[in-house]
Amino acid sequence: MASLKDDVVAALGKVASPDGKPLPQTGTLSDIVETDGKVFFSITVDAAAVQEWEAVRTRAEAAVRAVPAVKSVMVALTAERAGGAGATPPRRPQMPPGGGAGGPARASGGGPPSPAGIPGVGAIIAVASGKGGVGKSTTAVNLALGLRDLGLKVGILDADIYGPSMPKLLAIREKPQTIGGNRLKPIERHGMPVMSIGFLIDEETPMIWRGPMVMSALTQMLREVEWGILDVMVVDMPPGTGDAQLTMAQQVPLKGAVIVSTPQDLALIDARRGIAMFRRVNVPVLGIVENMSTFVCPHCGKSSDIFGHGGARHEAERLGVPFLGEVPLDIGIREKSDAGAPVVATAPDSPHAQIYRDIAARVRDGLQGEGRPAPKIVIEA
Ligand SMILES: Nc1ncnc2c1ncn2[C@@H]1O[C@H](COP(=O)(O)OP(=O)(O)OP(=O)(O)O)[C@@H](O)[C@H]1O
Ligand SMILES: [Mg+2]
């Protein structure tokens, strides 16, 4: 008996490339990922030919959708760089017209053009770190909850291709459903819509594939998901300041970036790189969070500065960006995070939840900062 994947390949055989070849014979298809009737694959083409391939992508999606037993399909069109390292990554063509409430926030002049906003979404902010493992995802989820507690409508987009962690941090085991054929309905947690790139990219997908795949997958997650009306969307970015991160910073219509760092020098050097990256693409840096700051021993009550203390505040001052707050290194934060029960949602009266809410208030204030059009935020401060 033919597998569903075979049926998908057979259906794609009836879709022709711009030069008339059956799609599976063009060498442009990635592995076809299929789970529970949900199909995902990408078509990788030369950057110069992207426009003509967009129609092929649409036809491929329609052909696969027509296969019995296929419940949903997502086809990403990925452009290969023509100019080798350092070339500007291509944008996906035919983005729907933008018009996110509030208009573009990036400083004008000089830098690359801002991507179009997402209709209905007030402000998109990135939570980023130069270095991995500094608590970026933990900060992102608790910051989102803190913004929610300030009365804002908040969504979370986990764009960390290398280690999507929102499914774990928010105990999500289900996959998003499609609505109306090709739009996805985000998962709802703690009153917030959540999407993770982990829903779309198979864990087995080799790392080398992820960079190219992610650009299209990201665009789809931003523009083909029923986010509804949001004041703020918090994006958990992949760690680092390489090509993939830079492209994301360029492709996502960001209103600002929050940088997470631990206090050690090494992490701070990477945080500095992160700030430089966002400045390069004209995304305002809303500030730095010092995570894993002081450790208070739960047994003796004595505090120790395991990774040092105050480094991020000092760095923020030095670089002229706001300092947003210090989150202590605390076993409760780790346990709750890893159990899918973030502290702001499950221990709202704890001092740690208050720290995150204070950080959230500073972020909100930064978003309304001078010179930038206020995002569509309804605030009763
Ligand atoms: N303030 C904190 N106190 C104690 N543990 C923390 C704190 N912040 C994060 N952690 C823990 O540190 C680990 C790494 O955190 P997290 O996954 O948020 O980091 P990350 O920067 O997103 O990592 P990656 O680069 O892998 O995406 C997790 O186990 C998390 O629970
Ligand atoms: Mg993470």
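When two helices pack, their axes are lines fitted to C-alpha atoms over the stretch in contact, and the angle between them runs from 0 to 180 degrees between N-to-C directions. Helix α3, residues 136–149, packs against helix α11, residues 351–367, at an angle of about 75 degrees, and their axes are 8 Å apart. Angles of 65 to 115 degrees count as roughly perpendicular, so that is the label for how α3 sits relative to α11. On the α3 side, the contact is made by Thr 138, Thr 139, Asn 142, Leu 143, Gly 146, Leu 147 and Asp 149. Facing them from α11 are Tyr 356, Arg 357, Ile 359, Ala 360, Val 363 and Arg 364. Sorted by class, this contact has six nonpolar, four polar and three charged residues.

Now step back to the whole chain. The protein's secondary structure comes to eleven helices and 14 strands. Of its 381 residues, 53% are buried. Look at contacts with a separation of 6 or more, and 73% of them join residues 24 or more positions apart. Arg 334 belongs to helix α9, residues 331–338, and counts as partly exposed because its relative accessibility is 46%.

Next, go to the inside. Helix α6 covers residues 243–251, and eight of its nine residues are buried, so the rest of the structure largely encloses this helix. Those buried residues are Ala 244, Gln 245, Leu 246, Thr 247, Met 248, Ala 249, Gln 250 and Gln 251. Another glutamine to look up is Gln 220, in helix α5, residues 207–223. Gln 220 counts as buried because its relative accessible area is 0%.

Most residues other than glycine have a negative phi. Ala 69 isn't a glycine, but its phi is positive, about 80 degrees. You'll find Ala 69 in the loop between α2 (50–65) and β3 (72–80), where it counts as exposed because its relative accessibility is 57%. His 190, also not a glycine, has a positive phi of about 50 degrees. His 190 sits in the loop between β8 (187–189) and β9 (192–196), and with a relative accessible area of 31% it is partly exposed.

Finally, a word on confidence. The mean pLDDT of the protein is 81, with 83% of residues reaching 70 or more. Which stretches fall under 50? Residues 81–105 stay under 50 in pLDDT, though the model gives them 54 contacts beyond four places in sequence. Residues 370–381 are also below 50, and this stretch has 30 contacts in the model beyond near neighbours in sequence. Where pLDDT is low, the predicted coordinates should not be read in detail.

Definitions and conventions: Residues numbered from 1 in each chain as written. Chains lettered and ligands numbered in written order. Predicted model: local features only at pLDDT ≥ 70, side-chain atom pairs only at ≥ 80, totals over all residues. Heavy atoms only, no water. pLDDT = per-residue confidence, 0-100. Contact = heavy atoms within 4.5 Å. Helix = DSSP H or I, 4+ residues; strand = E, 2+ residues; numbered from the N terminus. Buried < 20%, exposed > 50% of the residue type's maximum accessible area, 1.4 Å probe, protein only. Parallel < 35°, antiparallel > 145°, perpendicular 65-115°, else oblique. Nonpolar A, V, L, I, M, F, W, Y, C, P; charged D, E, K, R; others polar.
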